[in-house]
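Let's work through a few exercises together. Have a look at the model first, then try each task before you read its solution.

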Amino acid sequence: MSELTTVARPYAKAAFDFAVEAKAIDSWLIQLTFAAEVAKDETVIGYISGGASAEQAQALFLNVCGEQVDSQGQNFLKVMAENERLLVLPQVLEQFIALKAEFDQEISVDVTSAVEITAEQKTTLSAALEKRMARKVKLNCFVNANIVSGLVIQAGDMVIDGSIKGKLNRLATTLQS
């Protein structure tokens, strides 16, 4: 998986840099999303993996994508086809989304709680996280009764485990050592 990410990163960076320069980030996001979905299709994967030439893969993608991709997007897909990289389009999309979030100073935060979080709690939590992280926060809230009480907040590599289950696990570890 990390190999695919490494391969996808320069393509995503090039696409994002072009999109920023052209002031068309949202348009490129839509185009890449569509192309990534095409690349995930089992028939397309079988065709490209089955020994199709770069020209055949390019023609297939351009025919399937049609008007969903503008001329710059078509050129991007042609370059990826020439380098036999069309199957990494889903990873290119992931990298593009990450670059967009960084550009927009946004971060996606997963919040897991034992019960549904109210709108007022979401507002308060979002404001506190925005202050702490100095970014706009997009909350993704989940319910998991196994954490008993409290919250588990995850933003990228940062995890704040304020759940009773987490506290009990840390207590057990301390007692065992």
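Axes here are lines fitted to C-alpha atoms, for helices over the stretch in contact, and angles run from 0 to 180 degrees between N-to-C directions. Helices (H or I, at least four residues) and strands (E, at least two) are DSSP runs, numbered from the N terminus. This is a predicted model, where local features need pLDDT of at least 70, side-chain atom pairs count only at pLDDT 80 or more, and totals for chains, interfaces and linings use all residues. Residues are numbered from 1 along each chain as its sequence is written, and side-chain values use heavy atoms, with hydrogens and water left out.

**Exercise 1.** Work out how α3 and α4 pack.

Step one: find α3 at residues 42-49 and α4 at residues 54-65; their axes are 10 Å apart, at an angle of about 160°. Step two: α3 and α4 are therefore roughly antiparallel (the label for angles over 145 degrees). Step three: look for contacts, meaning heavy atoms within 4.5 Å. V44, Y47 and I48 of α3 meet Q56, A57, L60 and F61 of α4.

**Exercise 2.** Describe the sheet and its edges.

Step one: four strands form an open sheet in the order β2-β1-β3-β4, and the pairing is mixed (two strands pair if DSSP finds at least two bridges between them). Step two: β2 (136-143) and β4 (158-161) each have a single partner strand, so one side of each lacks a neighbour in the sheet. Step three: zoom in on β1 (residues 106-113) and β3 (residues 151-155), which pair in the antiparallel sense over four bridges. There, T112 sits opposite V152 in β3.

Key:
Parallel < 35°, antiparallel > 145°, perpendicular 65-115°, else oblique.
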